[in-house]
Amino acid sequence: MQQGILTINAGSSSIKFALFPLARPILSIAEVSGQIDGIGAEDTKLVAKNRAGKLIAEESLGKVNHDQSFDALLNWFTASHQDWEIVAVGHRVVHGGEHYSKPIVVTPHVLTRLTSYFPLAPLHQPHNVAGILALQALLPEVPQIACFDTAFHRSQPDVAQIFGLPRSITAEGVRRYGFHGLSYEYIARALPQHSRRADGRVIVAHLGNGASMAAMVNRKCVATTLGFSTIDGLVMGTRCGNLDPGVILHLMETKGLSVKDMTKMLYKESGLLGVSGISQDMRTLLSSDKPEAEEAVNLFCYRIARELGSLAAAAGGIDALVFTGGIGEHAAEVRRRVCLLSEWLGIRVNPEANARHDLNIAAGTSSVDVLVIPTNEEWMMAHHAQTLLAL
């Protein structure tokens, strides 16, 4: 029987999953991967592909909740992969608070602490923990590993983590944590294969529906754009990014908006969708001839270029720039605009290489390596599970 490590990324309305064969080292391509979308809607769907990218499942689950979705996933897997045994499950957990700076085997004590972090990430953490509980119930003998999105950023110096707030508030855990850590950790591991400057001053742009950037020195984080929450920093698909807190106070006072109203606006109605009034999808905006779409794209690229300068200051310069994430890996026009705005840093891009989405898109005259590296958060979780359990 073939043994494998399952990875789970449970969100508010979706569950992403991947199965990696147990091998040394773990292969970068999953044996099977997919997701369950539309949880809670009238027609939740399960879609899965094999290692070659061929569709092997597309099922309607009806209207189901998270527990029922996990049950359906395990039932499908058991029926379609009868010769496979799951020996560990790696979970993406958004928040590790101040206690967790590396992956950990989930115990009752760990679960209690993860639950205590719900107020720090109310839109993500409850679903992450629900995923752990569901898999524990379905696979009671299989170890569950929590892999934290905040862990990679714990190497930031204290000055990069604190806000200008009263010390009593900071002591309660209100500080800059940073997110997308599994993606940055993967890029840090992959960098030496692609750049002789991997241990230098590297800035990584993780650009997708959720977007952030991080500065690394010696492949350790020294600064990042996301802070206490996942709405800081860059403009995102539906999230506002950096915002003067006075705007929030103004809107709550003048429009009578509640915390719930503001949460909906800042997380779900802002960003590319809010600015354009058209779509949160960068592909749609780039293909549109409407001025509102162009304004949204320009703002997205401008904010990246602004943060690039800020992160270069935090790192003491820049030796390499890495694009990753759905937009970072596939939107050549976004990369072109960002790099054009950042030429003062010595960044120059080869137009043909950029259009082809080559791994190295730097021009010969560039003093900075410019790379496009696909991220692999699922593999990172599988690797952590294997390493932690010595499988």
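**Stop 1: a glutamine in a helix**

Select Q125, which is found in helix α3 (residues 125-138); helices (H or I, at least four residues) and strands (E, at least two) are DSSP runs, numbered from the N terminus. The model is predicted, and local features need pLDDT of at least 70, side-chain atom pairs count only at pLDDT 80 or more, while totals for chains, interfaces and linings use all residues. Residues are numbered from 1 along each chain as its sequence is written, and side-chain values use heavy atoms, with hydrogens and water left out.

Is Q125 buried or exposed? Q125 counts as buried because its relative accessibility is 0%; buried means under 20% relative accessible area, exposed over 50%, and partly exposed in between (1.4 Å probe, protein chains only). Show the side chain of Q125: it reaches the backbone oxygen of L114 at 3.4 Å. Such a polar contact is a pair of N or O atoms within 3.5 Å; within protein, one must be able to donate a hydrogen and the other to accept it, and residues adjacent in sequence count only if both atoms are side-chain atoms. Next, display the residues in contact with Q125 (heavy atoms within 4.5 Å). Leaving aside neighbours within four places in sequence, these are V93, V94, H95, L114, Y117 and F118.

**Stop 2: the sheet under α3**

Colour β1 (2-10), β6 (84-93) and β8 (144-148): α3 lies across them and runs at about 160° to β6. For that angle, axes are lines fitted to C-alpha atoms, for helices over the stretch in contact, and angles run from 0 to 180 degrees between N-to-C directions.

Now select the whole open sheet, eight strands with mixed pairing in the order β5-β4-β3-β2-β1-β6-β8-β7. Two strands pair if DSSP finds at least two bridges between them. At the edges are β5 (55-62) and β7 (104-105), each pairing on one side only.

Zoom in on β3 (residues 32-37) and β4 (residues 44-50), which run antiparallel and are joined by six bridges. Within this pair, V32 stands opposite N50 in β4.

**Stop 3: helix α8**

Which residues of α8 (residues 259-268) are buried? They are M262, L266 and Y267. These residues cover an arc of only 110° around the axis, so they are on the same side of α8; the arc is that of the directions from the helix axis to the C-beta atoms. Then turn to the face of α8 away from its buried side, where K260, K264 and K268 are exposed.

**Stop 4**

Go to E292 in helix α11 (residues 291-315). E292 counts as partly exposed, at 37% relative accessibility. Apart from neighbours within four places in sequence, E292 is in contact with V275 and S276.

Finish the residue stops at N354 in helix α14 (residues 351-355). N354 is buried, with a relative accessible area of 4%. Its side chain reaches the backbone oxygen of A332 at 3.0 Å. Not counting residues up to four places away in sequence, N354 touches A332, R335, R336, V349 and I361.

**Stop 5: zoom out**

Show the whole protein: it has 15 helices and 13 strands. Buried residues make up 51% of the 391 residues.
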